[in-house]
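Please keep the sequence and the model open while reading.

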Amino acid sequence: MGTPNISSHPPLLTRLRRHLAQWGTHPDGRKHPAAGTTVTPVPLPPQLRLPLSQHIGAPARPVVQAGDRVLRGQLLAEAQGNISAPIHAPTSGLITGIGEVPIPHPSGLGAPAILLEPDGLDEGVSLTETDPFSLTPAEIARRVAAAGVVGMGGATFPAAVKLSLGRNNPIPTLILNGGECEPYLSCDDRLMQERPGEVVDGALIIARAVGARQILIGVESNKPEAIAALRETARVHPEIRVEAVPSRYPMGSEKQLIAWLTGREVPSEGRSADVGVVVQNVGTAAAIHRAIRFGEPLTRRIVTVAGGAIRTPRNLEVRIGTPVSALIEFCGGFTQPPARLVMGGPMMGLAIHSTDIPVIKGSGGLLALTAAETAQSDAEAACIRCGSCVNACPIGLLPLEMAARIRAGDLAASADIGLKDCIACGTCSFVCPSRIPLVQYFNHAKGELASRERNRMKQAAIRELVEARSARMEREAREKAEAAARRKAERERAKAEAAARAQEEHTA
Amino acid sequence: MLNAIFSLSALGVLFGLILGLAARRFRVDSNGIEAELLDMLPGTNCGQCGYPGCAGAATALANGEAPATCCPPGGKPLAEALAARLGLSLDGAALTESVPMIASVREEICIGCTKCFKACPTDAVIGSVKQIHSVIREACTGCAKCEHICPTGAIEIEPVPVTLQTWVWPRPAVSPPLATQATPVNA
């Protein structure tokens, strides 16, 4: 890799490429009034519900039992396997049980969760402060994993896995994602404005872990205060460059941000490390800063509560596990019954059907939308092949063609034309004049293909079991036959000996 | 012009000869498709298709006597693979009815007789004499061989429960009208 280019004037080719990149869409931002409010902590609810699966990968395994008293920061459930994350107690209190609760998931299914009744004392375990730059990269990754830090932008991929990428490929560039291109959400904006020191320090720690020499912080141009705050804080660090990127959805997508800032394209079905880049969300950087500097595990996050049906939209600092009803109550309740409750952003978030659902590590927003704000209009109409989706697709796929193949039941054909590269951003559905739920077709097809693959692997494993069983049966039958033959031979020999003895006696 | 005609004809004759000779020389006597189909089937010989084991089903499939949907444990993916291999078209409606099944032991009435344990073709039941038996879900094909063997009726065959790991986004429900049926804009 060449020397990193830190000038503020990108090369001509990059500028040309940026000019030609016409993907994406411009949904109405609607960031205010929540974006103008300072982050306020929410009081402890009567019960915290901590789902064991708050991240991508294997669910965590509980290490506490009902009746245990735990302290803030204490380990409640440990990671299982390489891609997993532990869960810690957000406050001190009593474990009342481990049971199934509703969780934020598109299926509406419940999942096991640890139930914690806060005692109001909020006693913490003693934490040790460390100078991150005295630690080895591997030790940083280990501590981040132990603190349960996951991608805070919503993908909830365990952060430590990305920190270890530098071991295998050189990662000259770290990108911090402050795009926050989803409408309504302003939790990252507030974080960057109010705690730029945490973000910048987190960035330096991550850069040390992956071995990056250059740090780019990409922030959408609709957050000028955040850009100014970060630039002010990062002035003493020449390796950090804070870049304003255009406000366009989905600029906060990893691949789009990399392409915009570095001019490099992540290859099809590849990862950002393939082009020498690691991307972390600004919220993740702040969480890593706290985990490494102060040994504090991830037990709280900033959540934007907004939408037309919320009385006072604002940004809240919430303990993980707090039910969304407590957030709504803290924001003054509803002005009118919401048409839809959404967790996350309106483009990629998911509709929730109960206010008992807890805030988890990846929940950046809680939106109570009025009927006027939701697009619950007519049913889908026929595709008119206008090509709007093709122009809008940030990856450069052909959403209309993929959807046509999926509708015809030919999932493999849609995978052939790029289904696996779809990032499910929903831009195609947003721009479609026929209101075709394109992204749902793609989510369905991806899930169905994955389920077929699982089934195929199960069949292969079962075939092995059958073969092992028939081999065992054969062996057992053979051994039985051999044993029978041996016994028979023995019996005959005994009989012959007896006969011989009788003969001898007879002759004697 | 003539050169082209001659050379292409010569090539045609030559390749025809090679193919003809190869067809005689490398002739396969056994019915290869049966072995191929047998390889695709689960191999548990559960008998739910009504044929004597998977080999019997493979023969029936090859002879066109059995439908591609004959194997319940294989489910939809297997039916599609078989149909693709045999060049059959699938009846979509018949497929959606068969959801993947799995056996489970009702622990309160299991007496630990080991009968199901011995009957299972995939060793998916674990247990021991006078110990409650249990089913390893990852190994069970739902072939139901154990269901009627159980003296207390403790085995139930039920649809595979949907978990967060196996849940799939449903297909969008509304199917759009065809383009030809759409209302003309200037009507």
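How many residues of domain 1 of chain A are in contact with domain 2 of chain A? The count is 42 residues of domain 1 of chain A, against 39 residues of domain 2 of chain A. Two residues are in contact if their C-beta atoms, placed from the backbone, lie within 7 Å.

## Basis

This is a predicted model: local features need pLDDT of at least 70, side-chain atom pairs count only at pLDDT 80 or more, and totals for chains, interfaces and linings use all residues. Residues are numbered from 1 along each chain as its sequence is written, while chains are lettered from A and ligands numbered from 1 in the order in which they are written.

## Domains of chain A

Chain A splits into domain 1 (24-117 + 129-301), domain 2 (302-369) and domain 3 (388-448). The bounds come from an automatic or database domain assignment. Between domain 1 and domain 2 of chain A, the C-alpha centres are 19 Å apart.

On the domain 1 side of this contact in chain A, at least two residues each come from strand E1 (40-41), strand E2 (48-51), helix H4 (187-194) and strand E13 (300-306). E2(A) gives the largest share, four residues. Helices (H or I, at least four residues) and strands (E, at least two) are DSSP runs, numbered from the N terminus. By class, this side has 27 nonpolar, 10 polar and five charged residues. Ala, Val, Leu, Ile, Met, Phe, Trp, Tyr, Cys and Pro count as nonpolar; Asp, Glu, Lys and Arg count as charged; the others, Gly among them, count as polar.

## A parallel sheet in chain A

Four strands of chain A form an open sheet, ordered E11-E10-E9-E12, with parallel pairing. Strands pair if DSSP finds at least two bridges between them. Strand E11 (240-245) and strand E12 (277-281) of chain A are at the edges with a single partner strand each, so one side of each lacks a neighbour in the sheet. The average twist is 25° from one strand to the next.

Strand E9 (residues 173-178) of chain A is joined to E12(A) by five bridges. Leu176(A) has Gln280(A) as its bridge partner in E12(A). Helix H6 (residues 224-234) of chain A lies across E9, strand E10 (214-220) and E11 of chain A, at about 170° to E11(A). Axes are lines fitted to C-alpha atoms, for helices over the stretch in contact, and angles run from 0 to 180 degrees between N-to-C directions.

## Chain B

Chain B has domain 1 (33-97) and domain 2 (101-159). Their C-alpha centres lie 25 Å apart. Six residues of domain 1 of chain B contact seven residues of domain 2 of chain B.

Chain B also touches chain A, with 26 residues from chain B and 28 residues from chain A. The chain B side has 17 nonpolar, six polar and three charged residues.
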